[in-house]
Amino acid sequence: EVVLGLSARDAVENARIYLERERALKGQPCPLGTDHLAVVRLVARGTAAAMAQALDLLLATNALPEATGRLCPEVFEETICQNRRGERVSLRAIERFLAEHNSGTRTKFAAANLVRVPAPRIAVIGSGPSGLCAAWALRRSGYGVTVFESSSFLGGTLGYAQAGFEFPRQALESVIRRFQAAGVEFVTDFLFGRAALPADLLDEGFGAVLLAAGAGVPSAIGIPGESAGGVMAADEFLKAVNWRAEDPRLWLGPKVLVIGDEAPAFSCARIARRIGSDVTVVVRGPETHMKANALFVRHAVEEGVKLKAFTDPVTVLTGADGCVRGLGCRYLDYRMDANGRMVLVQDETSEFTLEAQTIITAAGWGPNTLFLRDIPGLELNAQGGIRTKPEFAETSLAGVFAAGGVVEPEMSLTDAMLAGTRAAQEIDKYLSA
């Protein structure tokens, strides 16, 4: 990992500095509802018991501190107060410390809060952030929970969408162990919609079914030549490296272009750069307005990844063998439209070519509903996701709920986690009625 975690001494010091200037938090509070002030007060005590209590308090609203402690957007956690080394005190780093350094007490305190009452079992389809957060919230409320995953690997996007040096495999394994110790069951290689329908699971005794399959369908960039040899989606690349443990040296060319400004685009770029490829990330807007975390972008540039901003891909150029040889592009510039708004438009006279043997595309993702389209009575929305009641998780089928990227594909990590938690609360109300 490039970003190292805090030591116990640093965590306590940062917590005490934050308490001295507790009004220095900028931006919005944590969207998950975490009482960071109460957590930090416990960390500042510095004792093992206080640390364990702090983690338990954190886990009450945040099922994945290992993930948020590395990947949470800065707008929710960065403070303007600094420690003695001139570094900003980071609530995100304190979350990561608690998750990493309390392995001995973590399960004990998490399991102690579970309500020990007879309750229906709940089926959660998908082990990504939404599914995991829903499973954790339901388990804490006393329900039996079984998480069904279609692949052989748990974690969904947490398991493959980041490079190993951004979210290492051992961090995800720690999450899964905590869930299993709390009583959550996992079933892999389960093709929901083929192996079983919602009605089948309800008939087997599950009180409700939550669809949290995520947004695992990569979108096309929509230019000629996109199907040429040497063009691949970021998901395809990351799954090959993180899930199948393939060596990208076997199929990456010496010059690689990555199209897109999403976080997975920079994960792909950094992996390719680390094995020696010349990597350029092509983005349509300015470098200062990208969807990826600014810290991850900075790390990519520090490692030698180049940025080509204000650039619009026009066509994939191929050789006689049908494989990629480059990318035809045009520059973009700001122009004022008829409504007085500044918009990006192509400069028709600025065509140029970027040489490449491999092109990786990260143009966004669509909801993963292909295996759900044959389920009788399940309604989809105009974007291809599952239709739910406005502001709720209830679908058109009784006892079936949906949350996360399978409903709205353009969700951040914290949005997906919050959607899963809220769906769990809705299921609890449904079963308690």
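**Views of N62 and its chain**

**View 1. A polar contact of N62.** The side chains of N62 and T68 make a polar contact at 2.8 Å. A polar contact is a pair of N or O atoms within 3.5 Å; within protein, one must be able to donate a hydrogen and the other to accept it, and residues adjacent in sequence count only if both atoms are side-chain atoms. This is a predicted model: local features need pLDDT of at least 70, side-chain atom pairs count only at pLDDT 80 or more, and totals for chains, interfaces and linings use all residues. Residues are numbered from 1 along each chain as its sequence is written, and side-chain values use heavy atoms, without hydrogens and water.

**View 2. The surroundings of N62.** N62 sits in the loop between α3 (48-59) and α4 (65-71). Helices (H or I, at least four residues) are DSSP runs, numbered from the N terminus. Leaving out residues up to four places away in sequence, N62 touches L32, T34, T68, E95 and M417. Touching means contact, with heavy atoms within 4.5 Å.

**View 3. Burial of N62.** N62 has 0% relative accessibility, so N62 counts as buried. Buried means under 20% relative accessible area (1.4 Å probe, protein chains only). Across the chain, buried residues make up 54% of the 433 residues.

**View 4. Contacts across the chain.** Take contacts between residues at least 6 apart in sequence: 69% of them join residues at least 24 apart. The C-alpha trace spans about 70 × 60 × 50 Å along its principal axes.

Technical notes:
Buried < 20%, exposed > 50% of the residue type's maximum accessible area, 1.4 Å probe, protein only. Helix = DSSP H or I, 4+ residues; strand = E, 2+ residues; numbered from the N terminus.
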